[in-house]
Amino acid sequence: MQEQKVIFHIDELNKWKLLLKNVGNLLDAVDTNKLTIEVLANSEAIKFYKANQVLELDMNAMEKLNSKGVKFVACNNALMANDIKKDDLINFIDIVPVGILELINKQSEGYAYIKP
């Protein structure tokens, strides 16, 4: 099997549980050595990345996914719009300057686009 790449895009706060379940199901279904997954949050969904806002159950799910190689990314424009600082984020969150540009770049690199 060739390498597969996917970017999950979330911009609605109420869709996080569904997204985390989708990512987990995908990891269970394929060889994780040949899979690259990125989760990009922008708009209001960015609030989920605040360290003091995430429920323990959700934090455990995110940490487990991250330990399996899932990359979690935040849009800097959304962070600024929601007055969230880097220090407020969960420690394994990466920041990209513009979320939409990240989606464009990843799709041009062959990533499948998934939006739950």
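Mentor: Start with accessibility, and keep in mind that this is a predicted model. D11 has 22% relative accessibility, so D11 counts as partly exposed.

Trainee: Which residue does D11 meet in a salt bridge?

Mentor: The test is a Lys or Arg side-chain nitrogen within 4 Å of a carboxyl oxygen of Asp or Glu. The side chain of D11 meets that of K115, with N to O at 3.1 Å. The pair joins distant parts of the chain: D11 sits in the loop between β1 and α1, K115 in the segment after β5 (112–114), and 104 residues separate them. K115 has 37% relative accessibility and therefore counts as partly exposed.

Trainee: How many salt bridges does the structure hold?

Mentor: Five. Among them is the bridge between K106 and E38, whose closest N and O atoms are 3.5 Å apart. That pair also links distant parts of the chain, with K106 in helix α4 (residues 99–108) and E38 in strand β2, 68 residues apart.

Trainee: Are K106 and E38 buried or exposed?

Mentor: Both K106 and E38 are buried. The cut-off for buried is under 20%, and K106 has a relative accessible area of 12%. K106 forms a salt bridge with E109 as well, the closest N and O atoms being 3.8 Å apart. E109, at 42% relative accessibility, counts as partly exposed.

Trainee: Which residues of α1 are buried?

Mentor: W16, L19, L20, V23, G24 and L27. Seen down the axis of α1, the buried residues fall within an arc of 130°, so they line one face of the helix. K17, K21, D28 and A29 are exposed, on the other side of α1.

Trainee: Which residues have the most contacts inside the largest nonpolar core?

Mentor: A core is read as a set of buried nonpolar residues joined through side-chain contacts. The largest one here has 30 residues, and those with the most contacts inside it are W16, V23, V39, Y49, M62, F72 and I93. At least two core residues come from each of β1 (4–10), α1, β2 (35–41), α2 (56–67), β3 (71–75) and α3 (76–81). Helix α1 gives the most, with five residues.

Trainee: What is V39 in contact with, leaving aside its neighbours within four places in sequence?

Mentor: V39 is in contact with F8, I10, W16, L19, V23, Y49, V70, K71, F72 and V73. There is also a second, separate core of six residues, which includes I7, V73, V96 and Y111.

Trainee: How many aromatic pairs are there?

Mentor: The count comes to four. Read the distance between ring centres, then the angle between the planes. For W16 and F48 the centres are 4.4 Å apart and the planes at 15°, so the pair is stacked. This pair links distant parts of the chain, W16 being in helix α1 and F48 in the loop between β2 and α2, 32 residues apart. W16 is buried at a relative accessible area of 1%, and F48 counts as buried at 11%.

Trainee: What about the rings of F72 and F92?

Mentor: Their centres are 5.8 Å apart and their planes at 55°, so the pair is tilted. F72 lies in strand β3 and F92 in the loop between α3 and β4 (93–96), 20 residues apart. F72 is buried with a relative accessible area of 0%, and F92 is buried with 15%. Ring pairs link W16, F48, Y49, F72 and F92 into a cluster.

Conventions. Residues numbered from 1 in each chain as written. Predicted model: local features only at pLDDT ≥ 70, side-chain atom pairs only at ≥ 80, totals over all residues. Heavy atoms only, no water. Buried < 20%, exposed > 50% of the residue type's maximum accessible area, 1.4 Å probe, protein only. Helix = DSSP H or I, 4+ residues; strand = E, 2+ residues; numbered from the N terminus. Arc of directions from axis to C-beta. Core = buried A, V, L, I, M, F, W, Y, C linked by side-chain atoms within 4.5 Å. Contact = heavy atoms within 4.5 Å. Phe/Tyr/Trp six-rings, centres within 6.5 Å; stacked < 30°, edge-to-face > 60°.
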